[in-house]
Amino acid sequence: MATLTLREIQKSYGSLSVIKNIDLEVADREFVVFVGPSGCGKSTLLRMIAGLEEISGGDLIIDGQRMNDIGPADRGLAMVFQSYALYPHMTVRQNMGFALRLARVPKAEREKKVAEAARILQLEPYLDRKPGQMSGGQRQRVAIGRAIVRNPKIFLFDEPLSNLDAALRGQMRIELARLHEELNATMIYVTHDQVEAMTMADKIVVLQAGVIEQVGTPLQLYHHPANLFVAGFIGSPRMNFLKGRVTGLDGTGLSVDLPSGARVALPVETATVGTGDAVTLGLRPEALRLDPQGPLGGTVRLVERLGGLTLIHVDLDRDGPVIVQIEGSDGTAPHQSVRLGVDPAAGQVFDGTGKALPHLVRHPLTH
Amino acid sequence: MRSSLTAQLLIAVLGWGIALLMFFPIFWMVLTSFKTEGAAIATPPQLIFAPTLESYAEVQSRADYLSFAFNSIAVSVGGTVLALAFAIPGAYAMAFHPSTRTRGTLLWMLSTKMLPPVGVLVPIYLLFRGAGLLDTRIGLILIYGLMNLPIVVWMLFTFFKEMPNDILEAGRMDGAKAWGEVWYLLLPLTLPGVASTGLLSLILCWNEAFWSLNLTSSAAAPLTTFIASFSSPEGLFFAKLSAASTVAVAPILVFGWLSQRQLVRGLTFGAVK
Ligand SMILES: Nc1ncnc2c1ncn2[C@@H]1O[C@H](COP(=O)(O)OP(=O)(O)O)[C@@H](O)[C@H]1O
Ligand SMILES: [Mg+2]
């Protein structure tokens, strides 16, 4: 049982404000991912939760108890560092047992817990090695093992996979998700990689410049981003953005005219916009399709064939470049003229300030 | 290829030259200690002579070498332990929990080494007299510890700075308090640096003469005082002085020889890691 509440948490270095009034609830056994571009304050926030960084303002509450002034040793949390931060002079066994040794846990019990963690992480053959004699992936597992052995209230991860190669990263992602399942633990995970966030999180917190942009499940963020920043950050390939003007609105949505004269109608709430307002259309690559009757016209610049997917880069006539994602292998060739259709249920409209107009058709998995 | 070989040769010759130059006074001192007083001051200096141990016998009959040597060991070890005991927590705090004044504190500590010790001799002497510390080993340990503190703090600070902060933070998350971090993580991982700092402090204490000459007379007098007692304003004393000096520096020379590997390893710690 472990819950975490952040109430108006702030951090400043001198006059530089790095974290600005963050409010957040983390439920018991939740896997929460903080994601955002480099330098947005993810690590700082995590380190404040850990107790490694002083909190400049607000309340940090763990299991109902205010923890601002409790030292890291007494918060009952465990952290996995990007650099692994293993103790180089100790064996794997000693690394994993260090916390228990400090807590004066009897040797027999210590050995049992280390053995259990080693079994979960398949580290048994390496228990008597020093970290220097292990590969990056193995070291990472030792760092995780060190956290598991303590049976912490909350696991904290700071970009734990960013020093691994792509294949290993994919494998560790699955392993971490499995671990979350198996340990039934509350986890907070920091990354700048939206794929890690999408694949592992129960709840994603998108940060930018020390502010929360949106909190939600992966699919909520993907299908109903709150603003341009989240829309552009989540999803790969990136969402296509097209500038246009509102030309008509009613209870069922609005229509937008693009510079080329093409008209697109989308079912969104229109309370906050009027005819003539400048807006941005957000169309995911899979919300576009090749359609001889479609409203958008352009020339194919490049085709990426991934086998199961085809990514077609199209320069629209006067409306800008877009990427179209099509299932399966497609024969479209560069320099070809194409027309594109739009799936209205998957399109977004952002007002002049970048805020999304709420969609009238909610994706069924985002309730 | 050719030019790099020439450069290597040049460096080797230069290195040997400097080493010989620095070693020569010690060599001459040892040589002189085996001469008679007459031969010691002969011009031109004699390289070939009949060696004699009479200076050593004279030195031992006039003063008890072992008691001086014991004092030297006691005050050197004591002063070094004292300096380390204060410098390790101090350097830890400055390296891992710096404040805006840390830089200034470090510079200020170093600046105290720029003051000639004789400038504070009178106040220190009076303080020692008042506290009953004159001619005591405790008094000398105190002064040696404080004398080396700035250098020891500086060296430890530099070594500690090499240590990745992450590892200490991991220890903190694992439940270590400040002492646990220092004892289980920082010291084991910076041991070569800490050891070479200790060795340097030992050598500096061993060779210190100003304070020992002024603050001790007999009971706590170390070997530097023992040497000085063989220089006299009249008569011949060079051979005896050389003999006394030889027996005084012999232990630290042997010690330095044995620990040179450790010293070099410590002083190049950052580069190798
Ligand atoms: N000790 C510090 N002093 C001043 N600024 C800092 C310090 N640590 C971090 N920052 C600043 O705080 C911001 C957030 O840093 P960080 O939390 O490490 O970002 P992230 O982990 O999201 O990449 C950055 O702009 C960084 O420059
Ligand atoms: Mg970071």
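A salt bridge here is a side-chain nitrogen of Lys or Arg within 4 Å of a carboxyl oxygen of Asp or Glu, and the structure holds 20 salt bridges over all chains. The structure is a predicted model, in which local features need pLDDT of at least 70 and side-chain atom pairs count only at pLDDT 80 or more, while totals for chains, interfaces and linings use all residues. Residues are numbered from 1 along each chain as its sequence is written, chains are lettered from A and ligands numbered from 1 in the order in which they are written, and side-chain values use heavy atoms, with hydrogens and water left out.

The C-alpha trace of chain A spans about 75 × 45 × 35 Å along its principal axes. Of the 367 residues of chain A, 53% count as buried; buried means under 20% relative accessible area, exposed means over 50%, and partly exposed lies in between (1.4 Å probe, protein chains only). Among the contacts in chain A with a separation of 6 or more, 65% are accounted for by residues 24 or more positions apart, a contact being heavy atoms within 4.5 Å.

Within chain A, Arg289(A) and Asp291(A) form a salt bridge whose closest N and O atoms are 3.7 Å apart. Arg289(A) is partly exposed at a relative accessible area of 39%, whereas Asp291(A), at 19%, is buried.

Ligand 1 has residues of chain A around it, among them Tyr13(A), Lys42(A), Ser43(A) and Thr44(A), a residue being near a molecule if one of its heavy atoms lies within 4 Å of it. Several polar contacts can be followed here, each a pair of N or O atoms within 3.5 Å; within protein, one atom must be able to donate a hydrogen and the other to accept it, and residues adjacent in sequence count only if both atoms are side-chain atoms. A nitrogen atom of ligand 1 lies 3.4 Å from a polar side-chain atom of Tyr13(A). Oxygen of ligand 1 also takes part, with one such atom 2.9 Å from a polar backbone atom of Lys42(A), and a polar side-chain atom of Ser43(A) lies 2.6 Å from an oxygen atom of the ligand.

The next region to consider is the interface between the two chains, where 15 residues of chain B are in contact with 24 residues of chain A. The area buried between them is about 1,700 Å², with carbon and sulfur atoms giving 66% of it; buried area is the accessible area (1.4 Å probe) that two parts lose on being put together, summed over both. Met173(B), Asp174(B) and Tyr184(B) supply 43% of the area that chain B buries against chain A, more than any other three residues.

Across this interface there are seven residue pairs in polar contact, both residues at pLDDT 80 or more. Helix 8 (165-173) and helix 9 (178-189) of chain B each supply at least two residues of the side that touches chain A, and the largest share, seven residues, comes from helix 8. By class, that side of chain B has eight nonpolar, two polar and five charged residues, where Ala, Val, Leu, Ile, Met, Phe, Trp, Tyr, Cys and Pro count as nonpolar, Asp, Glu, Lys and Arg as charged, and the others, Gly among them, as polar.

The count of salt bridges between chain B and chain A is two. Glu169(B) meets Arg47(A) with an N to O distance of 2.7 Å, and Arg47(A), Glu53(A) and Glu169(B) are linked in a network of salt bridges. Lys177(B) meets Asp74(A) at 3.9 Å, N to O; this pair crosses from the loop between helix 8 and helix 9 of chain B to the loop between strand 5 (65-66) and strand 6 (77-80) of chain A. Asp74(A) is partly exposed, with a relative accessible area of 47%.

Chain B also has features of its own. In helix 3 (residues 54-62), Arg62(B) and Glu58(B) are separated by about one helical turn because they are four residues apart, and their side chains meet in a salt bridge of 3.7 Å, N to O. Met147(B), placed in helix 7 (residues 137-161), is buried at 17%, and touches Lys113(B), Leu204(B), Glu208(B) and Trp211(B), not counting residues up to four places away in sequence.
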